[in-house]
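Here is a short report on charged side chains and how they pair. Look at the structure first, then read on.

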Amino acid sequence: MMQGFTYDALPGRVVFGHGTFRQLPEEVVRLGLERALVLATPQQLREAERIAATLGGRSVGVFAEAAMHTPVEVTERAMAVVAARGADGVISIGGGSTTGLGKAIALRSDLPQIVVPTTYAGSEMTPILGETAQGRKTTQRSLKVLPEVVIYDVDLTLTLPAGLSGTSGINAIAHAVEALYSRDANPVISLMAEEGIAALARALPGITADPLDRAARSDALYGAYLCGVCLGAVGMALHHKLCHTLGGTFDLPHSETHTIILPHALAYNAPAVMPALARIERALGGPDAPRRLYELAATVGAPRALRDLGMPESGIAEAAAIAMANPYWNPAPLEKERLAALLSRAWEGAPPA
């Protein structure tokens, strides 16, 4: 029998398909933007300039300083550009770093956002902003940071390197995994979570084998969209807390950190979330979901050890202490010694226990 539940659907417009990026000028007009600022990372400067040029008089140029973990000092520089050029909206092109900068600007200015994701981060579907200041990453929820329009163009992901595709996709899977055992889980989001995990699990090995496999790319972007919806609709737990702690404290790369931690965090919680675990295993195609995620990382050529990302072994105790000091809700009790053991295995690259 269906139990009662609460589900808050989030507003927003999604345009999904092949070649949909060509609709960007139309979406700019639909939102009534006349002075849009295009955001990007330094590596994507030329592409951002090309995009701004296609908007003609409706763009006030480019700000290409987006950085991992959304440092507040970068946001402050961006806000100065927004003010100086009189921007009335932002267009974020790229992955989670650029999307995060757009959200940070929106939080401070309430400007509308259009996001064109080129990775599988999923943050474009959420009202969540994570910012880093003085070595600590904090997150908050606000509808002010939820993008008004998201344009998913499968064609723009064809050049995403296979390795980054793998870690970005497993990062997205993490959103759906934790959504299935969230404190505010509900049957609507659980359907999306299982479908999102399944789509990515079948797509990522295909992308590794052939990065130009359009069917695999389509499945991966579809799965990332679903997993992003999950992240935006319900709360997260231990996995995300650990990743935010590690990323903000040791400046570790975002998707790679999620890829390494996910099998270990799921193994930690598994005894307390058996119904959710059954759905995760069904989506992954077999038993022992933590080990399957660990092996999926190997299949896509992803790192499996935090030490390979540059985390010092001496940081294990510090990370465990920070995670305990301000914990997220979690289905299994948090114990400092167990967290340290989890992080030790992740640091070594050992299989989940």
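## What counts as buried

Buried means under 20% relative accessible area, exposed means over 50%, and partly exposed lies in between. Keep these cut-offs in mind. The model shown here is predicted.

## Salt bridges overall

Side chains of opposite charge can pair when their charged atoms come close. The structure holds 12 salt bridges.

## E131 and R108

A salt bridge joins the side chains of E131 and R108, at 2.8 Å from N to O. The two residues are 23 apart in the chain. E131 sits in strand β6 (residues 128-133), and R108 sits in helix α4 (residues 96-109).

E131 has a relative accessible area of 10%, so E131 is buried. R108 has 37%, so R108 is partly exposed.

## R136 and E318

R136 and E318 also meet through their side chains, at 3.9 Å from N to O. This pair links distant parts of the chain, 182 residues apart. R136 belongs to strand β7 (residues 136-141), and E318 to helix α12 (residues 315-325).

R136 is partly exposed, at 40% relative accessible area. E318 is partly exposed as well, at 35%.

## E194 and R282

In the salt bridge of E194 with R282, the closest N and O atoms are 2.6 Å apart. E194 lies in helix α6 (residues 187-209) and R282 in helix α10 (residues 274-284), so the pair ties together parts 88 residues apart in sequence.

E194 counts as buried, because its relative accessibility is 13%. R282 counts as exposed, at 57%.

## A network

Some salt bridges share partners. R13, E27 and R30 are joined into one network in this way.

Notes. Residues are numbered from 1 along each chain as its sequence is written. This is a predicted model: local features need pLDDT of at least 70, side-chain atom pairs count only at pLDDT 80 or more; totals for chains, interfaces and linings use all residues. Side-chain values use heavy atoms; hydrogens and water are left out. A salt bridge is a side-chain nitrogen of Lys or Arg within 4 Å of a carboxyl oxygen of Asp or Glu. Helices (H or I, at least four residues) and strands (E, at least two) are DSSP runs, numbered from the N terminus. Buried means under 20% relative accessible area, exposed over 50%, partly exposed in between (1.4 Å probe, protein chains only).
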